[in-house]
Amino acid sequence: MTQSSIVLGVTTLVVGVVSILGVLFARGQIETVEDYISARGSAGEGTLTATLIASSMGAWILLSPAEAGAAFGGITAVLGYALGSALPMVVYAVIGPRIRELIPHGHSLTEYTHARYGTAMYVYVLVVSIAYMFTFLAAEMTGITGALSLVAGVPAWQTAALIGGFVLVYTTYGGLRASIFTDTVQTLLILPLLAIGFGFALLELGGAGAVYEGAVSSNPQLLNLGFVSGIQFGVYIAVAVLGAEMLNQAWWQRIYAAENDRVLQRSFLVTAVAIIPMIFVSGLFGLAAQGLNLIDGNASIAFFLVVDEAFPDSIVLGIVILAVLLVMSSADTLLNALSSIVTADLPRVLELSDETLTASARALTVVVALAAIVIGAQGYSVLAIFFTADLLAVATFIPLLSGLYFARLSETGALLASVAGLIVGGLFFPLARPLLPFASGLPAASYFASFLSAGIVSAALTVLASLGSKGQFDFEQFEQKIQRLDEHEPMADGSGQRGNDQ
């Protein structure tokens with residue numbers, strides 16, 4: 001086991017350097033609240049792709065895919081996780097230009113919801129979106145605290161406080177611009193570290209053949225492409241991840257950050273292709289952990305169980321750096337996303353100055369980060385935390401995003417479809433089943449039934465509501481209802497023009 005003092009020192013150095021770079025880059029660039037929560041039209045293809053990859057690759061890629069392979073269905077579960085994680089990027093490449101065309105001066109998912117549907121749906125989506133992103137952040141903190149505790153015996157609260165505290169420094173100061181810049185730096189470090197780590201792992205474990213033989217001897221089903229549990233996991237994790245990412249404000253911010261539609265589409269599609277092999281290879285560590293008989297009650301850290309077993313201390317430190325960078329890349333993204341939601345939404349209920357809005361955004365960032373730090377130190381299952389938030393999102397994303405295309409879909413129809421999907425999915429949700437007084441009369445609980453029923457019910461009711469409604473929404477209202485948050489004219493960079501970005 002690597003000494004905790006060394007790991008803490010390396011962690012402090014990494015988060016400190018990244019934080020300083022973020023602060024220095026943002027210095028002098030944050031003059032209005034618009035500057036703080038938006039980097040509108042500023043990111044070219046390289047920068048946007050880098051921030052998308054970094055934001056996509058939180059520490060969860062070292063945790064959840066390996067846990068899926070070790071405990072939820074073997075290689076088919078891992079493959080489903082990889083493909084499911086790429087799917088939202090493909091969807092955003094399709095709907096991103098539509099969002100920019102209809103809402104050229106927009107900022108947030110909830111802002112769109114209020115303008116398209118009204119107060120009731122807005123409140124519901126606000127709660128679901130914030131709950132998802134907060135849960136994501138808490139899961140990231142949970143994963144990194146468990147990992148450093150395993151490889152070096154670092155107390156969970158020290159890891160959570162150290163990483164969370166430094167990320168707060170540059171996110172509260174520099175907003176989205178600092179986040180995008182540090183994402184670029186982190187991507188340049190993360191990609192080679194991932195390649196080196198995975199390559200070294202194969203060498204230390206005796207090559208792909210040795211890993212295969214170990215997994216087969218432990219549980220042959222783990223490598224069976226026809227393994228029913230693995231297939232089911234692959235299907236429902238794809239649905240779960242798609243629903244969750246559609247309600248992730250971070251991607252809406254980056255839609256507006258793109259210089260134009262071409263940059264947006266190419267960057268999201270390149271990201272989709274890039275993350276598939278990374279997640280798949282990471283998930284194979286779960287199979288290796290099973291083959292080495294390392295799983296003993298906590299499959300969430302299967303990746304780090306293999307690292308601790310097979311790697312020398314020098315390589316372990318490299319993996320620690322990688323994990324810390326991954327957490328920072330997703331944590332700053334989520335904190336900025338949460339901040340932007342509140343900043344864009346507060347003016348609906350209160351008349352606040354630009355300075356007060358910026359201060360409110362920074363205060364919320366601090367509160368959310370502190371809460372995530374506390375939860376992250378508790379050691380819960382990473383996938384269990386994710387699944388709870390995913391169910392909320394799966395029941396909501398189809399009715400919500402249908403409003404971009406179906407003018408006849410009403411607020412009542414969208415809200416009823418979302419709530420009905422959530423109720424039906426909740427009846428089958430394993431974590432909720434013990435809380436139901438009539439559970440004994442229901443079919444067996446499973447994530448497969450829960451996520452699919454939530455998505456199918458909400459989608460079916462959305463179609464029925466659209467067909468049955470007599471009213472029709474005028475999409476041109478978006479430009480009237482959603483404006484920039486500062487007093488300046490819209491920037492003439494192409495991001496505020498309708499339909500001209502090619």
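At what angle do helix α4 and helix α11 pack, and how far apart are their axes? To answer this in the viewer, select residues 64-102 for α4 and residues 261-291 for α11. The model on display is a predicted one. In it, the two helices pack at an angle of about 175°, and their axes are 8 Å apart. Because angles over 145 degrees count as roughly antiparallel, α4 is roughly antiparallel to α11. Colouring the contact of these helices by residue type will display 26 nonpolar, 10 polar and 2 charged residues.

Keep both helices in view and select Asp 261 and Arg 100. These residues form a salt bridge, with the closest N and O atoms 2.9 Å apart. Asp 261 belongs to α11 and Arg 100 to α4, so the pair ties together parts of the chain that are 161 residues apart in sequence. Are these two partners buried or exposed? Asp 261 is buried, at a relative accessible area of 11%, and Arg 100 is also counted as buried, at 2%.

The structure holds 2 salt bridges. For the other stop of this kind, select Glu 45 and Arg 266, whose side chains meet in a salt bridge with an N to O distance of 3.1 Å. Glu 45 is in helix α3, residues 45-56, while Arg 266 is in helix α11. This pair links distant parts of the chain, 221 residues apart. Glu 45 is partly exposed, with a relative accessible area of 30%, and Arg 266 likewise counts as partly exposed, at 38%.

The C-alpha atoms of Leu 63 and Gly 283 are separated by 8.2 Å, although the two residues are 220 residues apart along the chain.

Select residues 109-116, which make up helix α5. How many of its 8 residues are buried? The helix is mostly covered, with 7 of them buried. Among the buried residues are Leu 109, Tyr 112 and Ala 115, and also Glu 111 and Arg 116. Beyond the helix, select Gly 118, which follows α5 and has a positive phi, near 135°.

Leu 13 is exposed, with a relative accessible area of 57%.

**Last stop: the loop between α16 and α17**

Finally, select Leu 409, in the loop between α16 (397-402) and α17 (411-428). Leu 409 is buried, with a relative accessible area of 1%.

Terms used. Residues are numbered from 1 along each chain as its sequence is written. This is a predicted model: local features need pLDDT of at least 70, side-chain atom pairs count only at pLDDT 80 or more; totals for chains, interfaces and linings use all residues. Side-chain values use heavy atoms; hydrogens and water are left out. Axes are lines fitted to C-alpha atoms, for helices over the stretch in contact, and angles run from 0 to 180 degrees between N-to-C directions. Helices (H or I, at least four residues) and strands (E, at least two) are DSSP runs, numbered from the N terminus. Angles under 35 degrees count as roughly parallel, over 145 as roughly antiparallel, 65 to 115 as roughly perpendicular and the rest as oblique. Ala, Val, Leu, Ile, Met, Phe, Trp, Tyr, Cys and Pro count as nonpolar, Asp, Glu, Lys and Arg as charged, and the others, Gly among them, as polar. Buried means under 20% relative accessible area, exposed over 50%, partly exposed in between (1.4 Å probe, protein chains only). A salt bridge is a side-chain nitrogen of Lys or Arg within 4 Å of a carboxyl oxygen of Asp or Glu.
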